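Take a look at the model below.

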Amino acid sequence: MPPKRRTAGTPSREQKSGSRKSSSPDTKHNSVVTPEKHEEKDPEFITLCKDLLVTNLVCDNAWATWESVAKSAEKVNGSNKPLWGACIFISAVDLEDMCFTFTELQKAVGLSLKQFFNLVRKMDENVDTISPKVNSAVTKLEKKYEVSLALYQRFVKTCAKIYSAPDEAKKQELLHTSWIMFLLAKGTVLQMEDDLVIAFQLLLCVLEFCTKRCPSTLLQPLYRSAITTTAQSPPTRTSRRSKAKPRPPEVDVQLLETLCKESDCSMDEVKNVYQSSFSAFLDSMNLAGSQELPSQACVDTFSEEYEKLYHKNKDFDARLFLVDDETLSLGKVDTPTVEITPRKNQSGEESVPIPPQTPIRAAMYSIQQLRGELTSASDQPSGNLIVYFKNCTVDPSEEITKRVEQLGQIFCQKFAEAVGQRCEGLGKERFTLGVQLYYKVMESMLKSEEKRLSVQNFSKLLNNATFHTSLLACALEVVMATYVGNSLKNGNENGNDTDLCFPWILDVFQLYAFDFYKVIESFIKAEPTLKHNMIEHLGRCEQQIMESIAWKADSPLFELLKQSREEGPGEQAEPPATLNQPLQHNHTAADLYLSPLRPSRRVPAAEVDTSAVPSSQPPVPGTRQHRSNSLSLFYKKLYRMAYLRLKMLFSHLLTSHPELEHIIWTLLQHTLQNEYELMKDRHLDQLMMCAMYAICKVKNVDLRFKTIVTAYKELPNTNQEIFKHVLIREGQYDSIIVFYNLVFMQKLKTNILQYSSPRPPPLSPIPHIPRSPYKYPSSPLRVPGGNVYISPLKSSRMTPSAMTPRSRILVSIGESFGTSDKFQKINQMVSSTDWSLKRRLEGDSTPKPLKRLRFDVDGQDEADGSKSNGESTLIQKLAEMSSARSRMQEQKLKEEAEKEDPEP
């Protein structure tokens, strides 16, 4: 239940100061700062500390931070005051002793939020200036500001469409009432205030409440008609009975529908928020039975209650948006926008790009697309799925239904804990969408497997609990990511921005990341309607798993690696010799979840079959484990990702020493293969940076860790905690420099020193970098450098017979317009250039087409060294013509010789 309304006013600064003094036993460190105790510090700095009521301990730490950055920091507007304010903020967060709100700090130093965030990040030139705790606080504060700004901007636009107040004062009064009421409702109802979608749905509830009670003369015609229609409806018997007793107000369906339609928002979801959360808030404010707009006294109460929340959270005062306060100003920065892909129009029309969208509209658009794709899907198994279930040796129907029900209860409970206890209904709606997607993708997977294997009995796969949990988790991750969205500028996918971001779903279902990774690629292949940004999101989830999450101490990955090592060098996870071979993407979920699927070359097939053992469980004692397909694929992808990350960092630092790249990679590959225990509870990038530093050290190349870290921060998808919070030993964390000295160097010292000897170790092959399997989404994809979009067609727009002579020569990639022979002919035409013929005449018997021009039919790229299906027909014909010409010339020469030398 939301807290009941309180009437106590906000404590004054004197009251807060007195409370601090009386509640603290240590007056030396926790009393408010006094100038006498800090005579060695700048008097203006002490004055600032006193104005912010900071303690002596915070003051001392802030001054120490200032002394460490003073030489390199530049004054802001000719003053050190903003820098001092940043130092005080850093110290207060680190010591968990925030005695001022963020707005009070801003007012004291004269900076807007954006200016302050930029200043703090510029100060982080040394590894230890900004701690992970401070970085997390700044990130959360910035995310909350971005969400609040987007909500306020949409609030102003929506109010302009609703109200038609004759004078500015009345209009401002309406805005003030609605916005203050919304801020209090959001702070009271939501535990996670940076959830853009739920906060916006709550804002629509507030607007419905205020609009319904606003005089019709102050409303625009569209909303006036909605109110009038509702008002003319006769009261129900229930409403007449309850006149004497206030009760939660009924939702004005027509008005709410109008608001939702104007905002492209789901009516059902907003109605759920209204009935489950907003009604409870109104009841707590004694407004449930009110038919009038809140009075000024009531608005003042709203403001007082919000003041308490604002001081409790120590963040910015969002009421200041109403007065365009400079602390919340964007300055010259434009309104946040998100560019989305164009819609597909009707047949025969050209695609028209949608203009840049605001964060809220982009989020609503993505949700609308997802719900649209699932309109025909059910949250129960389809008829086709039931047939597949019945064909199994052991029917999995009952277990599947039971599992979905149990996981649904867990999901809704965890969702409510993260968002707000009254938001369980919203969690149920999102879970239902996830179940619909789960069954849809499962059916698509099984159809693909049936076509590939010509079998209908998938008993082992469909009775594998890990597979089902992973598949459902992946479907829910798509749903949750769609709602959370990547629409805000500050948003990233490190998993730290929002409680519902990946890997939240793994924690909810107690699912190992290594098991979840197995389903990602198959999921993408089986769901062609996934949008480009969602495919990228799942790809990023896979990267997070490979670089850190799968390496947690309790991960089944370590048991598989241990088994692999025990079987000897011939059975290692992924032999280095295969690195320069192309990565195939022809594996399926069955290959990975029932892995090991095929017997090892050294183990007879007649041995005990362990394929039914879930991948997250150890094999039955006494059995010989076959080579793991899932482990092999994991390491193939890990090696390629590690090399790309290394190459990117290398390009920032060591372009003048190109010979070192291969050596650094060899050390990193050796570490991942043979010293994989170093990855336990750590991050791939930590080993990468250590490998780079180690090789530069033994090769006498001057490269400091500070330089490496500075360049590393410029790479995408990185955060400071990776190099500031590294596991040293159990329960102890320190910087990456300490990790290198105490752990990495001690473990690999012998190997590292070998690279300085006259006979260094052999170099590992450079991984073959394949085309990503996630690069061909069904949604239009912008081509860099121009206003051009590419989108595979799902169905033919014109039959070949309907094409004109001009249009018949057009080729639509992805459109089924005949047999694959036509694509082969295109390949042959492209291959038969003068350049290809020249190579053939010069002795190259297998001319290869240009990478950029080859149409990939079989999923392999000939440029990667894989064998083609055979020489093109055109080349064969040219060879036959050449052979025939040679025979004719030989015959002619023979005849001429016979004429010159006739037989006697």
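The protein chain averages a pLDDT of 76. Of its residues, 67% score at least 70. Confidence is highest in helix α29, residues 684-698, at a mean of 96. Confidence is lowest in helix α34, residues 834-841, where the mean is 41.

Two stretches call for caution. Over residues 1-28 the pLDDT is below 50. The model still gives this stretch 48 contacts beyond near neighbours in sequence. Residues 832-873 also stay under 50. There the model has 45 contacts beyond four places in sequence. Where pLDDT is low, predicted coordinates should not be read in detail.

The largest nonpolar core has 242 residues. Phe509, Phe634 and Phe744 have the most contacts inside it. Take Phe509.

Next comes the helix pair. Helix α21 spans residues 465-484, and helix α23 spans residues 513-526. The two pack at an angle of about 65 degrees, with their axes 9 Å apart. Their crossing is right-handed. On the α21 side, the contact is made by Thr466, Ser470, Leu471, Ala473, Cys474, Ala475 and Val478. Helix α23 contributes Asp515, Phe516, Val519 and Phe523. By type, the residues of this contact divide into eight nonpolar, two polar and one charged.

Note on methods
Residues numbered from 1 in each chain as written. Predicted model: local features only at pLDDT ≥ 70, side-chain atom pairs only at ≥ 80, totals over all residues. Heavy atoms only, no water. Core = buried A, V, L, I, M, F, W, Y, C linked by side-chain atoms within 4.5 Å. Buried < 20%, exposed > 50% of the residue type's maximum accessible area, 1.4 Å probe, protein only. pLDDT = per-residue confidence, 0-100. Helix = DSSP H or I, 4+ residues; strand = E, 2+ residues; numbered from the N terminus. Contact = heavy atoms within 4.5 Å. Axes fitted to C-alpha atoms, helices over the stretch in contact; angles between N-to-C directions. Left-handed = near helix turned anticlockwise from the far one by under 90°. Nonpolar A, V, L, I, M, F, W, Y, C, P; charged D, E, K, R; others polar.
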